[in-house]
Amino acid sequence: MHPFHRTELIVGRKGWARLQRSSVLIVGLGGVGSYAAEAIARAGVGHIGLVDFDDVCVTNLNRQLHAFRRTVGLPKSELMEQRVRAINPKARVEAWYRFYDHTSSDEILGEGWDFVIDCIDNVTAKVHLLQTCVARDQRVITAMGAGSKLDPTRVQVSTLEDSRICRLARLMRKELRRRDVDLTRIDAVWSDEPAVVLDNDVADAFRCICPGGDNGQHGCDSRNVIQGTVSFLPSMFGLMAAGAVVNDLIGRPLVERTAAAAK
């Protein structure tokens, strides 16, 4: 018996051995990424990478796994590193307290990971990561818009090519096609629920209260729209992404793709 015995029971000895040998990188550790990272850790993945430039804000308490009043102002990457190590001390864990972009890409992606989970909410960085993963023949799954959604039954997994309705997915398809990126080589978690209309009285009153102000060009005050969020939708996106990755790692891929895209 061992802490992950229940996992070994369902994935089998070969599947469990594969998970222990596997490496997964999670980029972005907010409402989606924090749950994806913890699910990957609790699945017994042996090598885990964690990337986030941000600190916990009090407004994160409604949806982010590492967010408590006592952790406000602390780096998300360091908090998730501590959680992952507490779950599986035998895992190799690497954490980057920095923003993913063209200047940090080579260092973070390194020689490659068995899978990358993209949970970035900055469009420019997200496009760069996905384009780079495809160019490097790096397996990747991306989380689309979990904000302004309330219906958990509308969340699904497919290739990015097959996504629909989601405004972020539409924008990502457009930007990646402009760069001649094959969308069938990118898995995606997305929802076909139309965006819930924001309460304008609440939206107009929103002001960034993150530790350290607006956190530079990537903070709340620099965004065009602040999306409303709820506890269960971002976490579901993260758990579904982790579930798709774990199934793929043990040889049970959830996303159907052409033979060319599967190479």
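R83 and E38 form a salt bridge, with their closest N and O atoms 2.8 Å apart. A salt bridge here is a side-chain nitrogen of Lys or Arg within 4 Å of a carboxyl oxygen of Asp or Glu. R83 lies in helix α3 (residues 76-87) and E38 in helix α2, so the pair ties together parts that are 45 residues apart in sequence. Helices (H or I, at least four residues) and strands (E, at least two) are DSSP runs, numbered from the N terminus. The model is predicted: local features need pLDDT of at least 70, side-chain atom pairs count only at pLDDT 80 or more, and totals for chains, interfaces and linings use all residues. Residues are numbered from 1 along each chain as its sequence is written, and side-chain values use heavy atoms, with hydrogens and water left out.

**The E38 network**

- Salt bridges link E38, R42 and R83 in a network.
- E38 also pairs with R42, where the closest N and O atoms are 3.0 Å apart.
- E38 and R42 are four residues apart in helix α2 (residues 33-42), which means that about one helical turn separates them.
- E38 is buried, at 9% relative accessibility. Buried means under 20% relative accessible area, exposed over 50%, and partly exposed in between (1.4 Å probe, protein chains only).
- R42 is partly exposed, at 48% relative accessibility.
- R83 is partly exposed too, with a relative accessible area of 25%.

**A bridge between two loops**

- R164 forms a salt bridge with D192, and their closest N and O atoms are 3.5 Å apart.
- R164 sits in the loop between β6 (155-159) and α6 (167-178), and D192 in the loop between β7 (187-191) and α7 (200-205), so the pair ties together parts that are 28 residues apart in sequence.
- R164 is partly exposed, with a relative accessible area of 42%.
- D192 is buried, at 13% relative accessibility.

**Salt bridges overall**

- By the 4 Å rule, the count comes to 15 salt bridges.
- Side chains of opposite charge can pair when their charged atoms come close.

**A nonpolar surface patch**

- V58, L61 and V72 make a nonpolar surface patch of about 180 Å².
- Patches are made of residues with over 30% relative accessible area and no salt bridge; like charges are joined within 9 Å, and nonpolar side chains (Val, Leu, Ile, Met, Phe, Trp, Tyr) within 5 Å.
- Accessible areas come from the Shrake-Rupley method with a 1.4 Å probe; for residues, only the protein chains shown count as cover.
- L61 lies in the loop between β2 (47-51) and α3.
- L61 is partly exposed, with a relative accessible area of 32%.
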